[in-house]
Structure formats: structure tokens, C-alpha cells
Amino acid sequence: MEKSDLPKYLQEEEVSEECRELISSLPTEKDWVPGNLYQYQGFWHPSKYLQKILTCQNQFQARASDIFLVTLPKSGTTWLKAMVFALVNRTTYDPKSTQHPLVSNNPHELFPFLEFEPRNDDNQVDSSPPPRLIATHLPLVSLPESVKKSACKLVYLCRNPKDNFLSLWHWHFSNNPTTEKWEETFEKFSRGVNLYGPFWDHALGYWKQSLENPERVLFFKYEELKEDPGNHLRKLAEFIGFPISKEEESFNVVDQILELCSFDHLSNLEVNRTGKLLSGHNKSSFFRRGEVGDWKNHLTPKMAQKLDEITKEKLGASGLTF
Ligand code: PAP
């Protein structure tokens, strides 16, 4: 892939003096795509992201009413964004309505990312009414201090690392698959060298917080959401302060929201089949198969075993398992 063919989000941008100095002091590795990743606070980022991370670490002011959705890329961010948006706004927007904002917008357009928002008047986070819905891929250690100190809520969603790797790989290379890249990127993922990796450290940071501070951090797994979406949606609603009432249960609001946000519904909407986000991503790229265990169709038994062994070793006796 030529540099000019890179998606907009990965093209190099002006970086500040502070960021340039930081970058020159950081360990570096080749990215999965042309360019480099830099290890900052223990996690790997392209230089363009580092600038954005520094900016939000320096400037972002959290509020107690904020709701954060935290994920590693390709863990189910789009799905959870849709569910949280539908839950919080269900009195304004009927989940059954064909006029619902999720019918005419990609979930990412309704739910901004902390570190990718421009620091100017177009900043969707700063201008939203409370509760502000904010997504981030940042590891716990890199959250802005104001978020760490605030009473805001954090919902963390992660996914089996074998499916996470597969989804990440497809997202990077679906147009240009090569065996060489498949093996090379698997080796990198195994060493934790991928966007916001290492996978295990990212998940463990939030897992431990969810045990120490269950009123602040709710920890979900994609596989559990798939298996019992109704009860997880209820738990989510309760946690973010928008519990489902008895009356709402009586007219099946949970099922209505699940249907609105389902893979089949969202992926077939015209708005998600065509066009690009402002970031340059094809909207359709957020919807591939949306299944648990697709790794079985792609990873060799040896690869699967390797990731299982790393997972066992890294997660140890933490209580977190996949
Ligand atoms: P992001 O972090 O870049 O926003 P994210 O939404 O986390 O991406 O990941 C996309 C994955 O979620 C895709 O998984 P796959 O490659 O294994 O198919 C995508 O299909 C899946 N996904 C998107 N929307 C939904 C949904 N409504 N329900 C279940 N899975 C979904």
C-alpha cells in the first residue's frame, strides 16, 4: 500500500514540538500498514494519534455526568455506541421509529471519540448536552487526569483476542489480503504491537478497575453480550443511570433497542452501506460478520494455541478469562 492510499486517519499530520520530542524518545516498531507505531505509556500508537492523545490529556475536562465507552478497536465499539445512544435518548427518540437517528446516521456520527475530536468549535464532545456520550480506545493509564479523578461512568467492552485479531486484520487488509501480512501481523499482535495494544494489558487495566470500583467501571465481553443481550442491556441501562422501568418492560423496550442496534438491522441500512465518515473510513467497514468464533475459519490450530497460551499467561490469576 502506498502512503497516499492510506486512510485519512493514518496519514501523517503536523505534529507539535512537544509531540516531536516525545516521539523521538519512544520505542518504535513498524506499523501493520506503512508508517511506525510508538510505545507511549506502555501502549502502541501511530504518531498522528499521539498528538491527539497528548492534546486530550492536556486539555480535556471530564464531568461527573459523562458516560465513557472504552474499547480496543474492533471489540464491538459500533454496537455498544448504538445501544448506549438508544438507551440514553429513548424518551426523545422512540426505538421503533423509522425516523430514529440511528436509522439515518452511522453510530460513530452520533457518539464521538475523545481523542479524535478536533479541539475547536466543531468539537462534538464539548458541545453536547449532559450526559455527554464519549468513546475512547485509550488504555486506563493514558486517560486524561480529569477522567481518572471524576465520578463519571466507564463502560468497557472487550472481545476474545482471537476474534479481535481477526477483525483488526480484516479491517486493515480486506482490500489487499496477503499471506505475508497475515503471518507478520499475527506475530506483531502476539507481541502486543497493534493499535492501542497490547490487548491483554489494555483489558487487564480496566478489568482490575471494574473489580476495585464497580460503581465506576462496568466490564463487558462481546461474547456475553451476544449470548444474553437482554440482560446485559438492562445491566448497562442501570449502570449508566437510565434503568428500564417496569412500564417499559411491559412494552418490550429492551427488545426494541436490541432490534434497532442489531447487526442485521444496522448493517443493512443505506446509511451504513455506502459513504464515508469524516475520518475517511468507509461506513460499511464497521460491519463485517458480527459473529463469535469466526477465528475458527481463519486461524490455524497453532495460531489459536499460541494466542490461548499468551492469554493464559498474561491474565494469570486475575479472574479474567476468554
Ligand atoms: P471500531 O473499534 O473501529 O469502532 P468495532 O465496532 O469495535 O470497530 O468493531 C467492528 C466489529 O464489530 C466487526 O466485527 P467482525 O469483523 O468480527 O465482523 C463488526 O462486524 C462488529 N459489529 C458491528 N456492529 C455490530 C452489531 N450491531 N452487533 C454485533 N457486532 C457488530
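Q: Where is Ser167 placed, and why is Ser167 called buried or exposed?
A: Ser167 belongs to helix H8 (residues 161-173); helices (H or I, at least four residues) and strands (E, at least two) are DSSP runs, numbered from the N terminus. Its relative accessible area is 14%. Buried means under 20%, exposed over 50% and partly exposed in between (1.4 Å probe, protein chains only). Ser167 is therefore buried. The model is predicted: local features need pLDDT of at least 70, side-chain atom pairs count only at pLDDT 80 or more, and totals for chains, interfaces and linings use all residues. Residues are numbered from 1 along each chain as its sequence is written, and side-chain values use heavy atoms, with hydrogens and water left out.

Q: Which residues is Ser167 in contact with, leaving aside its neighbours within four places in sequence?
A: They are Lys74 and Arg159, where contact means heavy atoms within 4.5 Å.

Q: What makes S2 and S3 paired strands?
A: Two strands pair if DSSP finds at least two bridges between them. Strand S2 (residues 36-40) and S3 have four bridges, in the antiparallel sense. In this pairing Leu37 has Pro46 as its bridge partner in S3, and Gln39 is opposite Trp44. S2 and S3 form a hairpin with two residues between them; in the turn, Gln41 has a positive phi of about 55 degrees.

Q: Which way do the residues of strand S3 (residues 43-46) point?
A: Phe43 and His45 point one way, Trp44 and Pro46 the other way, and all are buried. In a regular strand, side chains alternate between the two faces of the sheet.

Q: Why do S1 and S3 stand at the edges?
A: The open sheet has three strands in the order S1-S2-S3, with antiparallel pairing. Strand S1 (28-30) and S3 each have a single partner strand, so one side of each is left without a neighbour in the sheet. Neighbouring strands of this sheet are turned by 35 degrees against each other on average, direction ignored. H2 packs on this sheet and touches S2 and S3; the direction of H2 makes about 110 degrees with that of S3.

Q: Why is H1 called oblique to H2?
A: The axes of helix H1 (residues 17-25) and helix H2 (residues 47-59) come within 10 Å and cross at roughly 120 degrees. Axes are lines fitted to C-alpha atoms, for helices over the stretch in contact, and angles run from 0 to 180 degrees between N-to-C directions. Angles under 35 degrees count as roughly parallel, over 145 as roughly antiparallel, 65 to 115 as roughly perpendicular and the rest as oblique. H1 is therefore oblique to H2. Glu18, Cys19, Leu22 and Ile23 of H1 meet Ser47, Leu50, Gln51, Leu54 and Asn58 of H2.

Q: What makes H10 and H17 oblique?
A: The axes of helix H10 (residues 199-212) and helix H17 (residues 301-315) cross at roughly 40 degrees and come within 10 Å, so H10 and H17 are oblique to each other. Trp200, Asp201 and Leu204 of H10 make the contact with Leu307, Ile310, Thr311, Lys314 and Leu315 of H17.

Q: What makes S6 and S7 paired strands?
A: Strand S6 (residues 153-158) and S7 pair over five bridges in the parallel sense. In this pairing, Leu157 is opposite Phe220 in S7. H10 packs on the sheet, touching S4, S6 and S7, and its direction makes about 130 degrees with that of S7.

Q: Why do S5 and S7 stand at the edges?
A: The open sheet has four strands in the order S5-S4-S6-S7, with parallel pairing. Strand S5 (133-136) and strand S7 (217-221) each have a single partner strand, so one side of each is left without a neighbour in the sheet.
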